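Keep the viewer open as you read.

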Amino acid sequence: MVNITRRSLLQASGLAAVGLASPLSAPAFLRNAQAQSGPVKLGCLFSSSGTMANLEGRLNHVVRMAADEINAKGGVNGRTIDVLVSDPASDWPLYAQSAKQMLQQEKVSALFGCWTSVSRKTVLPVVEQENGLLYYPLHFEGDENSKNVVYVNSPPASSVLPAVDYLMGEEGVSAKRFFMLGSDYVWPRTINKQLKGYWKSKGIPESAWKEEYVPFGFSNFQTLVNQIRAFADEGGGQPVVVLTVVGNSIPDFMREFANQGILATDIPVLGLDMVEADLEGLDTAKLVGHLNCWAYLQNAKGPANEAFLKNWAANVKAKSVPFSGTVSIDPMVSAYDSVHLWAMAAAKAGSFDVPEVTKAFAGLTFDCPSGYTISMTGENNYVARGVFIGSVNDAQGFDILWQSKDTPKPVPFSPYG
Amino acid sequence: MKLARFALLLAGLLAGGPFLAPAAGAQALDRAGLIGNLCGNAGAMGEAASVLTGLAMSGDDADRAFAAPLARAVIDRKLACDDAGAVLTESGLDAVTRTPRAAAGEARTPVLSLKNRAVYELADAALALRAAPTVTQRAAALKTLERRPALIPEGLLDIAAEAETDAGLKVEIETLAQTAALNAADPAARIRALARIADNPSRRALTQISALTADPAYVANPDFRAAVDSATARVERGIALGDVLATLYNGLSFASILFMAAIGLAIIFGLMGVINLAQGELIMIGAYVTWLVQQGLRIVAPSLLDWYLVLAIPVAFLVTAAIGIALEASLLRHLYKRPLMSLLATWAVSLFLMNLVRVVFGTQNLQFETPFYVTGGVPVIGDFIFTWNRMFAIVFAVVTLALTWGLVRRTPFGLNIRAVTQNREMAACIGIPTRRVDMMAFGLGSGLAGLAGLALSPIYSVNPQMGQNFIIDAFMVVVLGGVGTIAGTVVAALGIGQINVLIEPLWGAVAAKVIVLLMIIAFLQWRPEGLFAVKGRRK
């Protein structure tokens with residue numbers, strides 16, 4: 001009930017906002033109409049410098065690659081796509097500034113961007129005010145439903161909870177105790193809040209979990225790994241670590257964890273933000289068996305993935321992209337899906353105007369490289385994706401341990417938070 | 001004795017599960033069925049593992065030899081399942097018949113679920129303990145079994161000890177067998193097990209022992225109660241000692257990192273008053289040079305690859321020192337009269353160096369070999385693990401400290417540096433070439449930053465941004481220690497490191513950072529010149 005009222009409230013306020021905004025933005029519409037003949041512009045908000053550069057940087061190239069694919073087929077509505085790239089330098093307020101510039105000056109038709117939730121939260125008021133459209137390619141904490149953001153990746157109900165269920169289940173390790181370690185910002189805190197609510201609903205006592213946070217970019221994990229060992233040795237059932245640190249804290253944590261002699265069979269780590277790229281430069285022989293969960297893993301089977309991997313490798317080679325051509329991570333695929341979903345919506349609407357494009361979302365489907373046919377409904381701006389649980393292998397990648405039968409319906413607002 | 005062994009054999013057979021014919025014995029092992037299960041779903045794989053573990057106890061030697069490579073092959077994903085069964089990809093043999101054949105059609109390698117992974121590691125270790133040809137392999141298998149004493153099938157260790165030919169290993173196996181007898185029926189065995197467990201105190205041991213206070217024997221048998229109580233006391237003492245040592249060690253290791261990051265800066269800042277914001281990037285370049293040395297060795301002298309961390313020491317120092325000298329000669333010497341400009345200039349240099357490295361090497365983390373001397377650690381007492389990569393950083397910092405101190409205190413060059421630091425004009429008056437001293441000192445400070453990068457590469461991720469993590473901490477240490485004193489830098493690094501480590505477990509890492517900063521601010525209010533002020537006139 002709460003969901004519906006909140007959604008209808010949002011819709012109502014959204015309509016009101018459109019109603020208020022349209023007379024004011026009339027000149028913009030006129031200018032748009034004049035530029036009808038040139039290419040249509042898309043904007044990227046991914047950092048190519050700062051702590052997020054190694055992860056976000058590659059998404060710029062994926063967006064370009066997807067745009068090239070569409071252009072090769074004649075573009076959208078008779079116009080080719082032009083991709084603009086900015087560098088918000090891993091500086092959260094700068095994301096909002098870049099977004100504003102792209103929307104106001106460059107008149108981009110859609111934005112593709114943000115990795116961390118904190119950057120999305122800073123961009124959110126800008127896209128709502130300017131009535132832009134942001135495609136967000138990361139799995140995240142949910143609890144948000146803006147008509148100006150398309151949540152291409154999964155909320156916790158269709159990523160984190162299945163993975164935690166797996167760990168708690170018979171096939172996993174029958175986990176009973178949980179050490180939550182995260183970077184100190186909105187995504188880890190919200191995820192952990194929801195997890196605690198979830199465990200409470202399962203009747204797990206509060207003494208069975210512990211929560212710790214570290215600052216962004218933290219790397220000295222010695223004492224924290226000591227704490228994890230002490231927590232695990234207290235007894236009371238199989239312990240697991242739910243890891244929500246981001247950026248370079250992930251490899252630094254995993255290195256210290258393995259170095260203190262802890263194996264996945266002792267204390268498994270569920271790394272919620274851990275991707276193939278985080279394992280670059282690590283000796284993964286001692287990390288085999290640790291887990292992650294995403295809507296795509298590089299080892300996904302199927303022709304769509306083969307084609308994607310081949311295109312990406314060719315693209316890296318042809319454009320001398322400064323990233324590995326043999327590594328493909330979920331947010332890359334999600335960004336790729338985003339561009340195609342946008343192009344399909346724009347083609348269906350026969351227009352690039354955000355309200356028209358938004359109306360065309362209902363019923364869109366796309367054959368994602370993950371092997372699932374992902375889809376959107378008119379209910380919200382979420383995309384139904386498949387669920388993968390991956391297990392670190394000794395070749396710096398993830399083997400698929402478990403995957404969902406189909407694409408579960410996304411649940412934006414968690415009942416456990 | 002024979003009878004006991006027979007009974008154990010029988011028990012093992014029964015524990016072996018449904019795939020061993022319970023009556024006839026191990027000859028009835030269904031090899032094809034076992035391989036079929038290895039290629040099956042998670043449940044079937046679990047059953048196959050228990051068959052393998054059972055074989056370690058009770059099968060005949062032929063079956064054991066047959067089973068020995070299987071668990072390891074599954075763990076390493078070297079078992080290719082196809083329609084005709086499975087192939088051991090490493091040796092190219094069919095898993096059932098052990099005749100050479102290639103995998104047919106679309107072979108798949110089963111992925112172990114987390115639960116099965118532990119079971120397979122156990123099965124592999126159990127089989128290796130019985131069947132591995134060398135003592136080292138058997139000892140390694142015993143180490144694996146030691147991690148999970150509760151899961152070791154009862155009787156396995158007795159059989160293994162009996163069959164063991166190596167005397168030393170035999171004793172180790174018997175010790176573990178005694179430890180594993182904690183929940184046996186015989187009270188004497190349990191008391192012996194308690195003593196063994198208390199020999200290696202840890203929180204896990206404490207949990208295990210304190211659970212025994214609920215055991216009926218605890219009330220009924222006073223000897224047992226006394227044994228439990230004394231074991232608890234011993235383990236608690238061990239844990240307390242271990243915790244103190246671990247805190248000291250963690251503090252020391254963090255301090256060594258802070259010291260390495262700060263010592264170069266202390267010299268540069270102390271001597272010339274230049275706030276060198278590019279210091280972090282020099283650390284980063286030191287790490288990149290180390291990586292380049294590693295890559296070079298890989299091509300030129302692969303046998304020396306393990307020693308790249310040592311061989312890179314002079315290279316990292318010289319390259320960063322050269323960059324520092326070039327920086328000083330080309331840029332900073334024009335800006336000595338304008339401290340703010342020099343600050344901005346070094347910031348620009350830091351951005352330039354970072355982006356240069358990003359363009360040349362890319363943004364990803366560099367892959368470093370981990371030589372044996374920075375791998376893993378040894379458990380000392382309680383929960384204190386002595387990790388070698390941290391020890392490397394500590395030793396490295398101590399050696400660097402000794403050399404730097406000797407250089408500054410015991411050489412003519414050091415005397416010049418100290419003279420210029422205390423009073424530049426007067427030093428110039430008595431004929432010290434202050435320009436050259438500046439340049440050399442800047443080179444020394446930069447070279448030390450390069451060494452810091454080398455020392456940090458086994459601990460942290462190496463990427464173009466890594467330097468930025470250290471610059472703030474480094475300034476904190478230098479300012480707190482008192483500008484330009486080595487002793488101050490050491491004490492400040494030790495203090496900040498130790499306080500951080502003490503606060504972290506209590507209030508978390510975020511609070512630790514805040515509290516340490518507040519303490520430094522408060523301290524500087526009281527003593528603006530830092531812990532150790534240089535005597536002499538400051539401009």
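Predicted model: local features only at pLDDT ≥ 70, side-chain atom pairs only at ≥ 80, totals over all residues.

Two residues are in contact here if their C-beta atoms, placed from the backbone, lie within 7 Å.

Find A:Gly386, which sits in the loop between β13 (383-384) and β14 (388-392) of chain A. Leaving aside residues up to four places away in sequence, A:Gly386 touches A:Ala295, A:Ser370, A:Tyr372, A:Gln403, A:Ser404 and A:Thr407. Is A:Gly386 buried or exposed? A residue is buried if 20 or more other C-beta atoms lie within 10 Å of its own. A:Gly386 has 22 C-beta neighbours inside 10 Å, so it counts as buried.

Now zoom out to chain A as a whole. It contains 12 helices and 15 strands. The C-alpha trace of chain A spans about 70 × 50 × 40 Å along its principal axes. The radius of gyration of chain A is 21 Å, which agrees with the value near 22 Å that a compact globule of 417 residues would have. Of those 417 residues, 54% count as buried. Among contacts in chain A with a separation of 6 or more, 71% join residues 24 or more positions apart.

Chain A is divided into domain 1 (2-153 + 300-384) and domain 2 (157-294). The C-alpha centres of domain 1 and domain 2 of chain A lie 30 Å apart. Where they meet, 16 residues of domain 1 of chain A are in contact with 16 residues of domain 2 of chain A. On the side of domain 1 of chain A that touches domain 2 of chain A, α3 (53-72) and α5 (117-130) of chain A each supply at least two residues. The largest share of that side, three residues, comes from α5(A). Sorted by class, the residues of that side of domain 1 of chain A are six nonpolar, six polar and four charged.

The 13 residues of α4(A) should span 18 Å at 1.5 Å a residue, and its end C-alpha atoms are 19 Å apart, which agrees. Which residues of α4(A) are buried? They are A:Tyr95, A:Ser98, A:Ala99, A:Met102 and A:Leu103. Seen down the axis of α4(A), these buried residues fall within an arc of 125 degrees, so they line one face of the helix. The buried residues of α4(A) pack against β1 (40-45), β2 (81-86), β3 (110-113) and α5 of chain A.

Next, let's cross over to chain B. The contact takes 48 residues from chain A and 43 residues from chain B. On the side of chain A that touches chain B, α3, β7 (209-214), α8 (222-233), α9 (249-259) and β15 (398-403) of chain A each supply at least two residues. The largest share of that side, eight residues, comes from α8(A). By class, the side of chain A that touches chain B has 16 nonpolar, 22 polar and 10 charged residues.

Chain B has 22 helices and five strands. Its radius of gyration is 31 Å, well over the 24 Å that the globule rule gives for 539 residues, so chain B is more spread out than a compact globule. The C-alpha trace of chain B spans about 100 × 65 × 40 Å along its principal axes. Buried residues make up 47% of the 539 residues in chain B. Chain B is divided into domain 1 (2-211) and domain 2 (242-363 + 407-526), and the C-alpha centres of these two domains of chain B lie 51 Å apart.

For a last stop, pick out helix α8 (residues 167-180) of chain B. Its 14 residues reach 20 Å from the first C-alpha to the last, close to the 20 Å expected at 1.5 Å a residue. The buried residues of α8(B) are B:Ile173, B:Leu176, B:Ala177, B:Thr179 and B:Ala180. They cover an arc of only 160 degrees around the axis, which puts them on the same side of α8(B). These buried residues of α8(B) pack against α6 (135-147), α7 (156-163) and α9 (187-199) of chain B. Turned away from the buried side, the other face of α8(B) carries the exposed residues B:Ala167, B:Gly168 and B:Val171.

Terms used:
Residues numbered from 1 in each chain as written. Chains lettered and ligands numbered in written order. Helix = DSSP H or I, 4+ residues; strand = E, 2+ residues; numbered from the N terminus. Rg over C-alpha atoms; globule rule 2.2 N^0.38 Å. Buried ≥ 20, exposed ≤ 12 C-beta atoms within 10 Å, placed from the backbone. Domains from an automatic or database assignment. Nonpolar A, V, L, I, M, F, W, Y, C, P; charged D, E, K, R; others polar. Expected span 1.5 Å × (residues − 1). Arc of directions from axis to C-beta.
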